Amino acid sequence: MAMSENESQTIPETLHPKEKGSWLSFFAKLFFFLAVILVVLFAVLSSLGGNSEVLQSAAEEFIGTRLHGVAKIDKFNQMTFFPNVSVDFEGLNVSRNAADNQGTPILSAERVSIAMGFWDIALSTGKIKTLHLENMRAMPGVFLEKGLTVDRFAVIDEGDHAYIRGSGKIGVTPFELSSQLEKTGKGKRRKYEFADVRPFAVTLGRAQISGRVENIDSDTINIKGVSLGLEEPVLSGDLDLYYGGGGRLKIKGDMKFSKGSLFTPDVLLEFNEKPAKVSGNVDFSTLMYEDALNYQQGIDLFNEIKDAVKDKSTAVGGNAFDDIVLTGEIKAQSILREGARIGDASFPLVTQGGKLLAGPITGSVDVSREILGEIGFTPSENPDVLEMSAPQ
């Protein structure tokens with residue numbers, strides 16, 4: 001049915017389709033407008049950098065707030081915002097509650113230099129251009145229970161490979177750490193990041209820890225080929241770490257103890273509890289009798305790490321188990337002696353009064369004789385005490 005000329009004139013103007021060119025023109029103008037804004041913004045960000053007193057004061061305020069003290073920088077080299085977000089200064093001193101920096105010193109550092117790309121920060125790529133921390137001293141309680149000395153913590157480029165490396169002392173215990181990095185870009189565009197497979201090595205006193213981080217996200221870390229020991233490995237295998245928030249860490253994996261005992265841990269660590277709590281199960285599919293007799297190497301490794309990072313003055317007592325609440329169960333499905341199966345065993349494991357208590361022990365040897373009893377282990381400086389008792 002045809003419309004009259006008057007009827008066609010009553011159709012609202014908004015119902016008439018717009019030409020395609022008008023939409024293209026609109027988006028072209030919008031894009032141009034946004035581009036101009038971004039150019040102006042980045043030009044402003046680029047011009048904000050420098051070594052002015054205002055920027056130095058901002059850096060001092062930021063550091064002081066984070067460390068709950070008052071920070072003072074002797075030589076402020078520069079701060080930039082685009083294309084790299086960076087800060088570089090020398091002679092950092094942080095004191096507790098003294099505006100003139102004459103209060104109790106809690107941290108100092110000779111040199112701090114950090115740089116990351118603006119877009120790497122915006123997109124959370126994890127890439128970094130520069131990291132160099134030199135001669136840092138932190139008093140007990142700032143980062144750890146003991147004082148922390150960092151001689152150097154930096155990205156080191158050796159041409160074929162790049163690493164992040166650090167060395168120093170926790171208290172009086174020396175430490176070294178190293179982890180391989182992946183390089184991208186060339187020249188001024190060179191950046192560093194952790195690769196999908198991240199070999200690492202840590203030395204803490206006599207303790208040696210190494211492995212490969214093969215997967216990591218916000219709450220899970222998978223470590224393959226991990227090795228922990230003193231002169232030789234005590235524990236080795238694969239570990240899965242699950243961070244539960246609030247200082248909670250779940251540990252699972254497939255591990256080997258000493259020469260050939262195989263076990264799967266399922267352990268929960270609760271660091272924020274006072275005292276710290278350890279709970280869970282350790283299931284040995286194979287426990288070698290010879291390894292069981294050589295338990296002292298495990299205790300030595302535990303004490304080496306604990307004594308390095310824990311301040312004895314904050315412990316309830318002087319033993320390794322005084323400030324830990326442990327509840328768990330150990331199962332040995334197959335106990336081997338000189339390669340032959342001699343039985344199985346299981347027992348609860350708890351700490352009480354500075355002792356590590358195991359028992360009652362239940363199981364069988366030679367599939368005929370039950371073993372029932374309790375074991376109490378009290379570590380001390382000299383000697384360690386192992387007590388055994390029959391059931392009442």
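Is Asp88 buried or exposed at 10% relative accessibility? Asp88 counts as buried, because its relative accessibility is 10% and buried means under 20% relative accessible area, exposed over 50% and partly exposed in between (1.4 Å probe, protein chains only). The legends below describe a predicted model, in which local features need pLDDT of at least 70, side-chain atom pairs count only at pLDDT 80 or more, and totals for chains, interfaces and linings use all residues. Residues are numbered from 1 along each chain as its sequence is written, and side-chain values use heavy atoms, with hydrogens and water left out.

**Figure 1. Overview of the chain.** The secondary structure comes to 6 helices and 22 strands; helices (H or I, at least four residues) and strands (E, at least two) are DSSP runs, numbered from the N terminus. Of the 392 residues in the chain, 34% are buried. Contact means heavy atoms within 4.5 Å. Among contacts between residues at least 6 apart in sequence, 36% join residues at least 24 apart.

**Figure 2. Asp88 and Ser86 in strand β2.** Strand β2 spans residues 84–96 and contains Ser86; Asp88 also has its place in β2. The side chain of Asp88 makes a polar contact with the side chain of Arg111, at 2.8 Å. A polar contact is a pair of N or O atoms within 3.5 Å; within protein, one must be able to donate a hydrogen and the other to accept it, and residues adjacent in sequence count only if both atoms are side-chain atoms. Leaving aside residues up to four places away in sequence, Asp88 touches Phe76, Asn77, Gln78, Arg111, Val112 and Ser113. Ser86 counts as buried, because its relative accessibility is 10%. Its side chain makes a polar contact with that of Thr80, at 2.5 Å. With residues up to four places away in sequence again left out, Ser86 touches Gln78, Met79, Thr80, Ile114 and Ala115.

Figure 3. Gly211 is placed in β10, which covers residues 207–216. Gly211 counts as buried because its relative accessibility is 9%. Not counting residues up to four places away in sequence, Gly211 touches Arg198, Pro199, Phe200, Lys224, Gly225 and Val226. Gly237 is 26 residues from Gly211 along the chain, and the C-alpha atoms of the two are separated by 9.0 Å.

**Figure 4. The aromatic pair of Phe263 and Phe284.** A search of the whole structure finds 1 aromatic pair. Phe263 and Phe284 form this pair, with 5.1 Å from centre to centre and 40 degrees between the planes, a tilted arrangement. Rings of Phe, Tyr and Trp (its six-membered ring) pair if their centres lie within 6.5 Å; planes under 30 degrees apart count as stacked, over 60 as edge-to-face and the rest as tilted. The pair links distant parts of the chain, 21 residues apart: Phe263 belongs to strand β14 (residues 261–270) and Phe284 to strand β15 (residues 276–288). Both Phe263 and Phe284 are buried.

Figure 5. Ser258 is placed in the loop between β13 (248–257) and β14. The phi of Ser258 is near 55 degrees, a positive value in a residue other than glycine. Ser258 is buried, because its relative accessible area is 10%. Pro275 lies in the loop between β14 and β15. Lys274 and Pro275 are joined by a cis peptide bond, with omega about 0 degrees.

**Figure 6. Helix α3 and its buried face.** Helix α3 has 15 residues (53–67) and reaches 21 Å from its first C-alpha to its last, close to the 21 Å expected at 1.5 Å a residue; the expected span is 1.5 Å times one less than the number of residues. Its buried residues include Leu55, Ala59, Ile63 and Leu67. Seen down the axis of α3, the buried residues fall within an arc of 165 degrees, so they line one face of the helix; the arc is that of the directions from the helix axis to the C-beta atoms. An α-helix has 3.6 residues a turn, so residues three or four places apart point the same way. On the other side of α3, Val54 and Glu61 are exposed. His68 follows α3 and has a positive phi, near 55 degrees.
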